[in-house]
Amino acid sequence: MLFWQILIDGFAISALYALGATGFTLIFGVSGVLNLSHGAIMVGAAVAAWAAASEFGVGPYTGALIGILAGFILAFATYFIAVRPIQRSKAIAESEKEIFILTATLLWGIITQEAIAYLFTNNAKTVLPIVEGVTTVFGVRTPRNEYFTAVICWVAIGLLWFLVNRTRRGKSVMAASMNPRGVTLLGIELSSIYLTVWAIYGLLAGVAGILLGMFLGVSSYSVGPLTASAFSIVVLGGLGSVSGSLIAAYVVGYLETGTAYLISPAYRTIPALLLLVVVMYLRPQGLFGRR
Amino acid sequence: MPNFVTSRLFWIGALTVIVALVLPTYVSGYVLGLLTVAYYTAVFAMSWDLLFGFAGEVNFGPTFLIGVGAYTAGILDAHFSPGLSIWLCIAAGALAAVVGGVVLALPALRVSGPYFGLTTLVAVLMLQNFIVVAAGLTGGEIGLAVPDVISIDAKTNYWIALGFMLVSGAILFGLSRSAIGLILQASGQDKIQAGALGFNVTKHKLAAFVVSAFFSGLAGALMVFYMGTASVSTFVDVGVGVQIIIAAVLGGRRTVIGAAIGAIFLIGMGELLRPLGELATLIVSVIALVVILFFPDGFLGIIRGGAKA
């Protein structure tokens, strides 16, 4: 009973972590950007879906679409406001661009978070679920929404895999993550690849945010923890490795769920943090990372 | 004309110090209390700048060092209050922070860039979890009340904070302009080449961590005995660390003094905009983002640029 409960809950949470972390790692793999406004984009999409569905009464489907649109807009805003000006700046030395992008995306995340808090208050918001009701599997009563979350996450990840491996556009994105200069020599505009990646990222982060809002609820306070969890999953799996992030998301998700059920919810995040420290000492490039 | 520039900066600095010295005669205790906190934060930011600006280590966890210093001092005082002088507690806090700095330095000597950044972030989260879980010792989420304070007089506290900031600022600035600072800068930019020139990179980086940890922990411990409490939200939270990093980058990184200017600016602005409520943080963040995007050298860069023109 407890075993199935952990298995099912852990699976849904891990799927959500995986989806959230995939976009984050994709951006890093292709353009070397660690986007610290990640949590703000997820929360922004969720709050937009919540406001549209609950406050303006457009229903859960239109609400989710508006949420995805918000994810898109926020991702592009992050790119054009906090990332591109620094990448193109001549006043900032190349070696220092990393810390500047980190600081700028962090600030942009705080700005987004505060704007959400100002417009929609700090209260926790639960997005109107698309699938309602409860179902019992293996004697475990679980909201249907939890299964829905896991399915959507895996469909989205599957679509991403198809896009990257089977389409021309996706293949050029893949190539850019391996060798940006080589792609330029083949006559592909690097800046248009960046735009594609940020669009994919906005979609993934938006969907992940809305699902999180339906599943656990969000508030402007979740921005920091969300960024931190995506960051640690991605580093655990190896920066830039999508499959590594997926595995790491499941490791972290099950460690957290298992600890919460078997020991105490108060210790929830500790084993995952300990694992992260051990991995950082023994294998700094992460489980599946390249240096 | 570098001499002119430095002398101009020198005069601005001297004027600021004089204003800070005569301030207690004119302003209320409330403003003094605010500036006391700002001065301690300035020391946090300057210590961070020594690590990032010179040693090139992206430390996301300045609050790990601050928190270790603050809580060590606080716990010692709370448990052995009348028997143990607070100055001994403060010294123990600084010492514990140095030990923390060495622990933090070990991964830094192996990994770099975002990987090291994450290690420091994890260090903060672990400390935060430990404080909450070991609530019997640390006061948990409510915070730890310490029975003693340095002084209840706002002016005395102000003088101590100001003196402490000036002394540690002078030491950190002197260190950054010395040969050690140059070697650190070199090893931050190109570790291999600095090593090839015969400098012991490991030794210097370790020294930078120890010095940064010492001042962070000392400032944290002093601040505990100014506030009378130690809590996660004032000393350890990642948000506090973020504010320190923003202060250092905003004021002008690799300058030490800029970090102090940035910290005082951030705390002052936060207070001035307080009537706006939720919008205060928003506006401060927008200002910081604009400065970082358009004036990457920060406030000090703007002043210097003005002097050149």
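Me: How many residues of chain A are in contact with chain B?
Reply: In this predicted model, 36 residues of chain A are in contact with 33 residues of chain B.

Me: Which elements of chain A give two or more residues to that side?
Reply: Those are α4 (97-120), α9 (223-237) and α11 (270-282) of chain A. The most comes from α4(A), with 14 residues.

Me: And how do the residues on the side of chain A that touches chain B divide?
Reply: There are 28 nonpolar residues, six polar and two charged.

Me: Switching to helix packing: at what angle do α2 and α8 of chain A cross?
Reply: Helix α2 (residues 38-55) and helix α8 (residues 190-215) of chain A cross at roughly 60 degrees, and their axes come within 7 Å. Because of that angle, α2(A) counts as oblique to α8(A).

Me: Is the crossing left-handed or right-handed?
Reply: Right-handed, as α2(A) passes α8(A).

Me: Which residues meet there?
Reply: From α2(A), the residues include A:H38, A:I41, A:M42 and A:W50. On the α8(A) side, A:A205, A:G206, A:I210 and A:L212 are among them. The residues of this contact divide into eleven nonpolar, four polar and no charged.

Me: Nice. Now confidence: where in chain B is it lowest, and where highest?
Reply: The lowest is helix α15 (residues 298-308) of chain B, at a mean pLDDT of 69, while helix α3 (residues 62-79) of chain B is highest, at 91. Chain B averages 84, and 94% of its residues score at least 70.

Me: What ipTM and pTM does the predictor give the complex?
Reply: An ipTM of 0.80 and a pTM of 0.83.

Technical notes: Residues are numbered from 1 along each chain as its sequence is written. Chains are lettered from A and ligands numbered from 1 in the order in which they are written. This is a predicted model: local features need pLDDT of at least 70, side-chain atom pairs count only at pLDDT 80 or more; totals for chains, interfaces and linings use all residues. Axes are lines fitted to C-alpha atoms, for helices over the stretch in contact, and angles run from 0 to 180 degrees between N-to-C directions. Helices (H or I, at least four residues) and strands (E, at least two) are DSSP runs, numbered from the N terminus. Angles under 35 degrees count as roughly parallel, over 145 as roughly antiparallel, 65 to 115 as roughly perpendicular and the rest as oblique. A crossing is left-handed if the near helix is turned anticlockwise from the far one by less than a right angle, and right-handed if clockwise. Two residues are in contact if their C-beta atoms, placed from the backbone, lie within 7 Å. Ala, Val, Leu, Ile, Met, Phe, Trp, Tyr, Cys and Pro count as nonpolar, Asp, Glu, Lys and Arg as charged, and the others, Gly among them, as polar. pLDDT is the predictor's confidence in each residue, from 0 to 100.
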